[in-house]
Amino acid sequence: MNLKKQFMEGLLTQNPVLVQVLGMCSTMAITTSFFNGLGMGVAVLVILTLSNMIIAAIRKIIPDKIRIAMFIVVIAGFVTMVDLLIQAFVPALAESLGVFIPLIVVNCIILGRAEGFSYKNGVGASFFDGIFQGIGYTVVLLAMCIIREFLGNGTFGGGLLGVEQKGIQIFPAEFGAGMLTLPVGGFLVLGALIALMQWALSKSKK
C-alpha cells in the first residue's frame, strides 16, 4: 500500500473528473455555488469511502456473476443513509441538490472504484483510495464552483457566506459573465480544466 502514490492518483494522475472523466452529470449541474459543490463533494467522499471498505471486506464471498448488482446494493444503502442525514440536518442543501444525491447510486466514480480497485484490494487500501479519490473529486467541484460563481455572479461562498447566504459580493453582478452560471458555462469551465490538467500531465511526463 503506497499512500503517496494513491494520493497523487486521486488528486492528479487519476483524478476522477479531469483524467478519468467520470461523474460529469453532477459535476456540471451543481457547480453553480460553493455550498452545492462542498455538499456534493463531501457526500460522495463519505459514500465512496464506506462503499469501498464494505466491498473490499466482502469481495471474496461475492459471486463474480452478480458482483455489479452487489456493488449497487451496497452503494444504495450508504446513499440512502447520507441522503436522509442531509435532509434531517442540512435541509437547504438537500433542496438545492435535489435528485443528484439519490443519483450518486449510479455515479460512475463510485461504481468504477468498486470494480477497478476495491474488488481487487484489501480494506485498508480501499479506505485510502476512497478518501483520496473523494478529495480529488471535491477539489474539482470546488474549483468549478469558485470559477463559475465568481466570474458569473461576482460572488464567493454562495450558500455559506454573506447576506442571506448569497455569498460575498466581490464586484457587481452586472459585470459578470452570466453565461458561466448556465449549463454551457459548466461545459466551458470543465473543458478548460480538463485541457489544463492534460497539458500539466504531458508536461510532467516530458
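Reader: Is Ser51 buried or exposed?

Author: This is a predicted model, where local features need pLDDT of at least 70, side-chain atom pairs count only at pLDDT 80 or more, and totals for chains, interfaces and linings use all residues. Residues are numbered from 1 along each chain as its sequence is written, and side-chain values use heavy atoms, leaving out hydrogens and water. Buried means under 20% relative accessible area, exposed over 50%, partly exposed in between (1.4 Å probe, protein chains only). Ser51 has a relative accessible area of 1%, so Ser51 is buried.

Reader: Which residues is Ser51 in contact with, leaving aside its neighbours within four places in sequence?

Author: Contact means heavy atoms within 4.5 Å. Ser51 sits in helix H3, residues 34-58; a helix is a DSSP run of H or I with at least four residues, a strand a run of E with at least two, each numbered from the N terminus. Its contacts are Val74, Ile75, Phe78 and Ile110.

Reader: How far does the backbone oxygen of Ile47 lie from a polar atom of the side chain of Ser51?

Author: Ile47 also touches other residues, including Ile75, Phe78 and Ile110. From the backbone oxygen of Ile47 to a polar atom of the Ser51 side chain, the distance is 2.7 Å.

Reader: Is Phe156 buried or partly exposed?

Author: Phe156 lies in strand E1, residues 155-156. Its relative accessible area is 32%, so Phe156 is partly exposed.

Methods: A polar contact is a pair of N or O atoms within 3.5 Å; within protein, one must be able to donate a hydrogen and the other to accept it, and residues adjacent in sequence count only if both atoms are side-chain atoms.
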